[in-house]
Amino acid sequence: MNKKLTISAIKKQKGVKPVVVITAYDALFAKLFEESADMILVGDSLNMSFAGKNDTISATLDQMIYHTNAVCSGAKNSLIICDMPFGTYINKDEALRNSIEVFQKTSADAIKIEGGVDKAEIIQHLTSNGIAVCGHIGLLPQSVRSDGGYKVKGKTEAQKEQLIRDAKAVESAGAFCMVLEGTVAEVAKEIAKSVSIPIIGIGAGADVDGQVLVFSDMLGLFEEFTPKFVKKYLDGASLVREAVASYADEIQKREFPKEEHTY
Ligand code: KIV
């Protein structure tokens, strides 16, 4: 069984070994992922692939705590990050109060918040109060409504410069790593070079310090839409459909249960 990685071990992976991150929302999958992943993220993407909503905006702190507890139960040897949902870190005090609630009610090792320069003061307040923070810059799913959709970042010089400022601000505020989402690969490469903490990419190309994918996307279970950056490592939805269809068929034909399934 793998030993649980520490925050400082993750930081030291920069330039040495890519950081492997995957999301999980329950104990069952978390347990399956922990052998291969360096960290497990309980992402607010659960609002879409678990709760069936259109975006992440309506995820609540109670929901995140519930799912984080489930993941912590399933993956006791993993470094676990709880995503702070929309509206729970609007200022320093709220952010600290809500992060403390996550830390007291779960055994999460860190929290994640979206934003760069604009959230640096909040990140600084959390890290100086014993809360490990994973940043999240680039495409920010919690800003999807104000941005008018999921828009790739780093397409202009101004955006590139802002992203580098964001990455540096998040690092200076004490974050131990940060997610960089939906960003032009060349720009992502420069961002990764501009800071000394790991940049975990999702739709940010190969020249960053690690990768994260939403598990239901990479296992082919989420069928609503598939972003360009997702590689499907399994056709999960077809396999599940086929299995359940066989189950139904065997029940109809009275082929299940058989002798060996009977007391
Ligand atoms: O909510 C989530 O799953 C995330 C990933 C997309 C990084 O934030």
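A salt bridge is a side-chain nitrogen of Lys or Arg within 4 Å of a carboxyl oxygen of Asp or Glu. In this structure, the side chains of Glu 94 and Arg 97 meet in one, at 2.5 Å from N to O.

This is a predicted model, where local features need pLDDT of at least 70, side-chain atom pairs count only at pLDDT 80 or more, and totals for chains, interfaces and linings use all residues. Residues are numbered from 1 along each chain as its sequence is written, and side-chain values use heavy atoms, with hydrogens and water left out.

**Salt bridges**

Side chains of opposite charge can pair when their charged atoms come close. The structure holds 13 salt bridges. Among them are these pairs.

| Pair | N to O distance | Location |
|---|---|---|
| Glu 94 and Arg 97 | 2.5 Å | helix H5 (residues 92-105) |
| Lys 112 and Asp 83 | 2.9 Å | strands S4 (residues 110-112) and S3 (residues 79-83) |
| Glu 157 and Lys 160 | 3.7 Å | helix H8 (residues 157-172) |

Helices (H or I, at least four residues) and strands (E, at least two) are DSSP runs, numbered from the N terminus.

Take Lys 112 and Asp 83, whose closest N and O atoms are 2.9 Å apart. Lys 112 lies in strand S4 and Asp 83 in strand S3, so the pair ties together parts that are 29 residues apart in sequence. Lys 112 is buried, at 2% relative accessible area. Asp 83 is buried too, with a value of 2%. Buried means under 20% relative accessible area, exposed over 50%, and partly exposed in between (1.4 Å probe, protein chains only).

Glu 94 and Arg 97 share helix H5. They sit three residues apart, about one turn of the helix. Glu 94 is partly exposed at 23%. Arg 97 is partly exposed at 48%.

Glu 157 and Lys 160 are also three residues apart, both in helix H8. Glu 157 is partly exposed at 47%, whereas Lys 160 is buried at 16%. A network of salt bridges links Glu 157, Lys 160 and Glu 190.

**A nonpolar patch**

Leu 221, Val 240, Val 244, Tyr 247, Ile 251 and Phe 256 make a nonpolar surface patch of about 500 Å². Patches are made of residues with over 30% relative accessible area and no salt bridge; like charges are joined within 9 Å, nonpolar side chains (Val, Leu, Ile, Met, Phe, Trp, Tyr) within 5 Å. Accessible areas come from the Shrake-Rupley method with a 1.4 Å probe; for residues, only the protein chains shown count as cover. Val 244 belongs to helix H11 (residues 236-252). Val 244 is partly exposed, at 48% relative accessible area.
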